[in-house]
Amino acid sequence: MIKVIGKAFDVLEMLSGDPARPRGLGEIARQLRFHPATCANIMQALVQRNYVEQIAPKKGYLMGPAAYRLVSRGVYRQDLVAAARPHLAALAQAVNETVLLAVLRNGQRFILCQIDGTQAVQISNELLFQDRTYATATGRLLLAGLDQSGLDNVVARHGLPGAEWPGVRSAKDLKQSLAAIAQQGWACAPLSGDAVGIAFPVRQPDGKTAAAAGIFLPAYRFKGAHKRKIIGGLKKTAVAIGQELAVV
């Protein structure tokens, strides 16, 4: 067991040496002198815990979001954050509310970037940064962007929402609720403490959802002209970020 732990750290140290360059399974096994089967098992475990991210089958591995969060080596998905930050900052200034960008990895929501407004009443960071994929607008929107296989994997790993999504009691309920979000094109979800969140998809050039742009605010402010400004502004912001990704 100690040797396996050591080998897992060897992998993380290797990937962190050049974090922007994907490494194939064969390259990792050769450089670290691992048996291919052992290397495959270690990589699978690290991917499951989000310390390593597999770009796509046979496309190689990179450091994952959990590793960046743990060791603070830099911003995860720098390309996405760089494209999004100016647009998020402009929106936060325009609506004076907390704006963020989130992604989904292995069924877990990760917040890449958050910009706060200057309102006297704000949503606490503890609420924003909890991994509450089923309970949040950004999480639900990201789940709505998955295909059936991806959703099945999330449910197999994390189970059904339970109390985090009232009214969704079965896999059928979940599928129908996510389909409704996909049809609407955006998500809105109440949060504990009389707060509300909304989210719009940031789409890749191929049309797939790359991230969710979201706003969280006290529910009493989400009404009237301010509500319309938030919804319209967030939709335009998500589209603008997607257009930035198309030219990167």
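Predicted model: local features only at pLDDT ≥ 70, side-chain atom pairs only at ≥ 80, totals over all residues.
Is T237 buried or exposed?

1. T237 is buried, with a relative accessible area of 7%, and belongs to helix α10, which covers residues 224-247. Leaving aside residues up to four places away in sequence, T237 touches H87, L88 and L91.

2. The structure holds 1 aromatic pair, formed by W186 and F200, whose rings are stacked with 5.6 Å from centre to centre and 10° between the planes. W186 lies in the loop between α9 (171-184) and β5 (187-191), while F200 lies in strand β6 (residues 195-203), so the pair ties together parts that are 14 residues apart in sequence.

3. Both partners of this pair deserve a word on accessibility. F200 is buried, at a relative accessible area of 5%; W186, for which the value is 19%, also counts as buried, because the term applies to anything under 20%.

4. A further contact with an aromatic ring involves a charge: the charged end of R140 sits over the ring of W165, at 4.0 Å from the centre of that ring.

5. On the cysteines, a reader may ask how many disulfides the structure holds. The number is 0. As for two of the cysteines themselves, C39 counts as buried, with 0% relative accessibility, and C113 is likewise buried, with a relative accessible area of 4%.

Notes. Residues numbered from 1 in each chain as written. Heavy atoms only, no water. Disulfide = S-S within 2.5 Å. Buried < 20%, exposed > 50% of the residue type's maximum accessible area, 1.4 Å probe, protein only. Phe/Tyr/Trp six-rings, centres within 6.5 Å; stacked < 30°, edge-to-face > 60°. Helix = DSSP H or I, 4+ residues; strand = E, 2+ residues; numbered from the N terminus. Lys NZ or Arg CZ within 6 Å of the ring centre and 35° of its normal. Contact = heavy atoms within 4.5 Å.
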